[in-house]
Amino acid sequence: MLQIERAKGIYLYGPDDKPYIDFVSGFAVSNIGHCHPKVVQAIKDQVDRYMHLAVYGEYVQSPQVLYATKLVSIFPDSINSVYFVNSGAEATEGALKLAKRYTGRSKIISCNNAYHGSTHGALSVMGNEYFKEAYRPLLPDVHFIEFNKTEDLQLIDEDTACIIMETIQGEAGVRVPDVAYMQALRKRCDETGTLLILDEIQTGFGRTGKLFAFEHFGIVPDILLLAKALGGGMPIGAFCANRNVMSVLAENPILGHITTFGGHPVCCAAGLASLEALLEEDMLNGIDEKEALLISLLVHPAIKEVRGKGLMLCIQLETFKQVEDISKLCIENGVIIDWFLHCETALRIAPPLIITHDEIKKACKIIISVLNNYQIQTNKAI
Ligand code: PLP
């Protein structure tokens, strides 16, 4: 297995200092590249000031306030409250609890092939029985619909606390819904008083060419889930909502979501520096062109389709064996790619947003030559 000694920008380096192009970004974490100097400096500065002080909530900790304020400034007006936690799965847990508390309802809807994390609540809303069956019983009153199927939205009713959905499904193999579907989803939630939770843990912070993927669809969620790129490489998650909604966690009972390390000051400082770098260095600019370049270069008889949005793409092959072999060979040849939890016939393409056109060309050349050699070696058309 590949051993990594250091990382910088879009490159990971092995023990012999061999560079590998990171075409996965640590699963959509390293959007601004690895070890950005502003993030590294922010971490060092915060470590010198303080690390853990108390369970989240006893004191006001400056890095949390600064980061939450910055986040709210880039959110739509209705999302003006941020609850920091430790991870994506914990953000899912917090959001499900918040929706039940706010609506007084228990019914939860999720999508087939959804992935929202691996803790018990998050597992309950995972749309793949294979990963769940060994851990039953899970949360009751969870129902599943087909992603991007408008008829299924009728399952959302006056008993539904929330529907949780990835704005663009990631682990399902990058599935982009229709604009009309997302608007119908928003409308059905409004009609029934159901909270719409959009999981932007993988799609957030520029990955799809906009700061948040919901901007592609002209809708705003009631609860927004963030993690991964939120920390600029450090572990942190958040569920975000309107203050009116969020405030129910403060009473009856108080301390609605307790988390010792949630919103760790060093992670908040790193996250803030990362977001500032993303905005100041205009990293969202040119994502569409990079997407188009990737699609134009990833052409091969073995590639059935390249789909996705921005720099959240996948290469559709035919078999898991191909996916396993090709990703292994790509890594050997200096490009790190991977696959998906719920779609074992596709390869994940999610480089840091800072990747240049030349670097994209270099990586694609390696992928195509691996596909050519694989075809020759297996001596059959793939
Ligand atoms: N939601 C989505 C869409 C994810 O892709 C992931 C992780 O891959 C999670 C939630 C869970 O995040 P974490 O691994 O930080 O718990």
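Predicted model: local features only at pLDDT ≥ 70, side-chain atom pairs only at ≥ 80, totals over all residues.
Strand 5 (residues 107-111) and strand 6 run parallel, joined by four bridges. Residues are numbered from 1 along each chain as its sequence is written, and side-chain values use heavy atoms, with hydrogens and water left out. As for the element names, helices (H or I, at least four residues) and strands (E, at least two) are DSSP runs, numbered from the N terminus.

Seven strands form it, in the order 4-10-9-8-7-5-6, and it is open, with mixed pairing. Strands count as paired here if DSSP finds at least two bridges between them. At the edges sit strand 4 (81-85) and strand 6 (142-145), each of which pairs on one side only. Ignoring direction, neighbouring strands in this sheet are turned by 20 degrees against each other on average; the axes behind that angle are lines fitted to C-alpha atoms, for helices over the stretch in contact, and angles run from 0 to 180 degrees between N-to-C directions.

Strand 5 also takes us to the charged pairs. Lys107 makes a salt bridge with Asp157, with 3.0 Å between the closest N and O atoms. A salt bridge here is a side-chain nitrogen of Lys or Arg within 4 Å of a carboxyl oxygen of Asp or Glu. This one links distant parts of the chain: Lys107 is in strand 5, whereas Asp157 is in the loop between strand 6 and strand 7 (160-166), 50 residues apart. Lys107 counts as buried at 10% relative accessibility, while Asp157 is partly exposed at 22%. The classes are simple: buried is under 20% relative accessible area, exposed is over 50%, and partly exposed is in between (1.4 Å probe, protein chains only).

In total there are 14 salt bridges by this rule. Another one joins Glu332 and Lys328, at 3.9 Å from N to O. These two are four residues apart in helix 11 (residues 320-332), so about one helical turn separates them. Glu332 is partly exposed at 46%, and Lys328 is exposed at 55%.

Arg136 pairs with Glu129 in a salt bridge, the closest N and O atoms being 2.9 Å apart. Both ends are partly exposed, Arg136 at 44% and Glu129 at 38%. The peptide bond from Arg136 to Pro137 is cis, with omega near 5 degrees, and Pro137 lies in the loop between helix 6 (129-132) and strand 6. Asp141 is in that loop between helix 6 and strand 6 too, with a positive phi near 60 degrees. Most residues other than glycine have a negative phi, and most peptide bonds are trans, so both kinds of feature are worth a look.

The loop between helix 8 and helix 9 holds Pro253, which a cis peptide bond with omega of about 5 degrees joins to Asn252. Leu255 is in the loop between helix 8 (243-246) and helix 9 (265-280), and is exposed at 57% relative accessible area. Together with Ile254 and Ile258, Leu255 makes a nonpolar surface patch of about 340 Å². Patches are built from residues with over 30% relative accessible area and no salt bridge, joining like charges within 9 Å and nonpolar side chains (Val, Leu, Ile, Met, Phe, Trp, Tyr) within 5 Å; accessible areas come from the Shrake-Rupley method with a 1.4 Å probe, and for residues only the protein chains shown count as cover.

Finally, the cysteines. A search of the whole structure turns up zero disulfides, a disulfide being a pair of cysteine sulfur atoms within 2.5 Å. For Cys162, the closest cysteine sulfur is in Cys189, 9.1 Å away, and therefore too far for a bond. Cys330 is in no disulfide either, with the nearest cysteine sulfur, that of Cys364, 9.9 Å away. Cys162 is buried at 0% relative accessible area, and Cys330 is buried at 0% as well.
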